[in-house]
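Here is a briefing on one protein model, grouped by topic. Please look through the structure first, then read the points below.

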Amino acid sequence: MVRLKDLTAGYGKRPVIQGVTLEFAPGKVTVLSGPNGSGKSTLLKAALGLLPLLSGEVLYDDVDIRHLKRRQIARKAAFLTQSRNTPSIQALPMVLHGRFPWLTYPRHYDRKDYAMARHAMEATDTLRHETANVSHLSGGERQGVYLAMALAQDTLTLFMDEPAAWLDINHQLRMMQTAHALAESGKAVVLVLHDIPLALREADRIAVLKEGRLLSFDTPDAVYRSGILEQVFDVGLHRADTPHGPQYYCTPKER
């Protein structure tokens, strides 16, 4: 369990997120939503110890993150970043990088590491690309390899910053299927999403941020009914009941 308690963090002494309290529970897909500049990515970095805390706490199983070493944090939470370089490397060796927190120096992979890497690639439908150069793969295929690298890290919490960005609809749906499968296996899955209908349809819980403050943290239905998403994004938000469950769509707000 990862819990944020009255968390304030930012860059230097300038706070970007202020007084945020929420938790990322195992078995749940939690979506962070909010306009550009609302502090979503900053929150993820603070939760991972990549930014110093100005006040408040980040707790991993009730242990303050400031008492954990980088390797200990990396064994508890993996991070799929929004911006990544694309190295000239085969996919399987790339995914094996996810095993680094579990290796001692000098790094030597054993059978377990290879098994974990290939299992992660099977889960993300990328095992067929294990000998392909990552730089030669499509955007969706590369995203799958990076996700496999995060899964190979074998943590109970997975943070993903805009994992659906630049993906076509098929890869978006596959990504969300993987997120739910991971949650069903007992992991806490945390995603930053800008796609409001996708978040409402797929999340178990939604945290809505604006200007660094947490405005709502509730179920998709409760968040939709509250109207908070319409306020922070300045759009009309609508729901239609279908045989496949509720579907959401946005329209320009009437002036």
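The crossing of α4 and α5 is right-handed; a crossing is left-handed if the near helix is turned anticlockwise from the far one by less than a right angle, and right-handed if clockwise. The model is predicted: local features need pLDDT of at least 70, side-chain atom pairs count only at pLDDT 80 or more, and totals for chains, interfaces and linings use all residues. Residues are numbered from 1 along each chain as its sequence is written, and side-chain values use heavy atoms, with hydrogens and water left out.

**Helix packing**

- Helix α4 covers residues 111–123 and packs against α5 at an angle of about 135°. Their axes are 8 Å apart. Axes here are lines fitted to C-alpha atoms, for helices over the stretch in contact, and angles run from 0 to 180 degrees between N-to-C directions.
- The two helices, α4 and α5, are therefore oblique to each other. Angles under 35 degrees count as roughly parallel, over 145 as roughly antiparallel, 65 to 115 as roughly perpendicular and the rest as oblique.
- On α4, the contact is made by Met116, Ala117, Ala120, Met121 and Ala123. On α5, Ala148, Leu151 and Ala152 make it. Contact means heavy atoms within 4.5 Å.
- Helices (H or I, at least four residues) and strands (E, at least two) are DSSP runs, numbered from the N terminus.

**Nonpolar cores**

- The largest nonpolar core has 50 residues. Such a core is a set of buried Ala, Val, Leu, Ile, Met, Phe, Trp, Tyr and Cys residues joined through side-chain atoms within 4.5 Å.
- Leu158, Met160, Val189, Leu191, Leu200, Ile206 and Leu229 have the most contacts inside this core.
- Helix α5 (residues 139–152) gives the most to this core, with eight residues.
- Val189 touches Lys28, Val29, Thr30, Leu158, Met160, Ala179, Leu182 and Ala183, not counting residues up to four places away in sequence.

**Serine 38 and α1**

- Serine 38 sits in the loop between β3 (29–33) and α1 (40–47). Serine 38 counts as buried, at 1% relative accessibility. Buried means under 20% relative accessible area, exposed over 50%, partly exposed in between (1.4 Å probe, protein chains only).
- A polar atom of the serine 38 side chain lies 2.8 Å from the backbone oxygen of proline 35.
- The side chains of serine 38 and lysine 40 make a polar contact (3.3 Å). A polar contact is a pair of N or O atoms within 3.5 Å; within protein, one must be able to donate a hydrogen and the other to accept it, and residues adjacent in sequence count only if both atoms are side-chain atoms.
- Serine 38 also touches Leu209, Lys210, Glu211 and Gly212, not counting residues up to four places away in sequence.
- Six of the eight residues of α1 are buried. They are Lys40, Thr42, Leu43, Leu44, Ala46 and Ala47.

**Backbone details**

- A cis peptide bond joins tyrosine 105 and proline 106, with omega about -5°. Proline 106 lies in the loop between α3 (91–96) and α4.
- Aspartate 125, in the loop between α4 and α5, has a positive phi near 55°. Aspartate 125 is partly exposed, with a relative accessible area of 35%.
- Glutamate 211 has a positive phi of about 50°. Its loop runs between β9 (205–210) and β10 (213–218). Glutamate 211 counts as exposed, at 62% relative accessibility.
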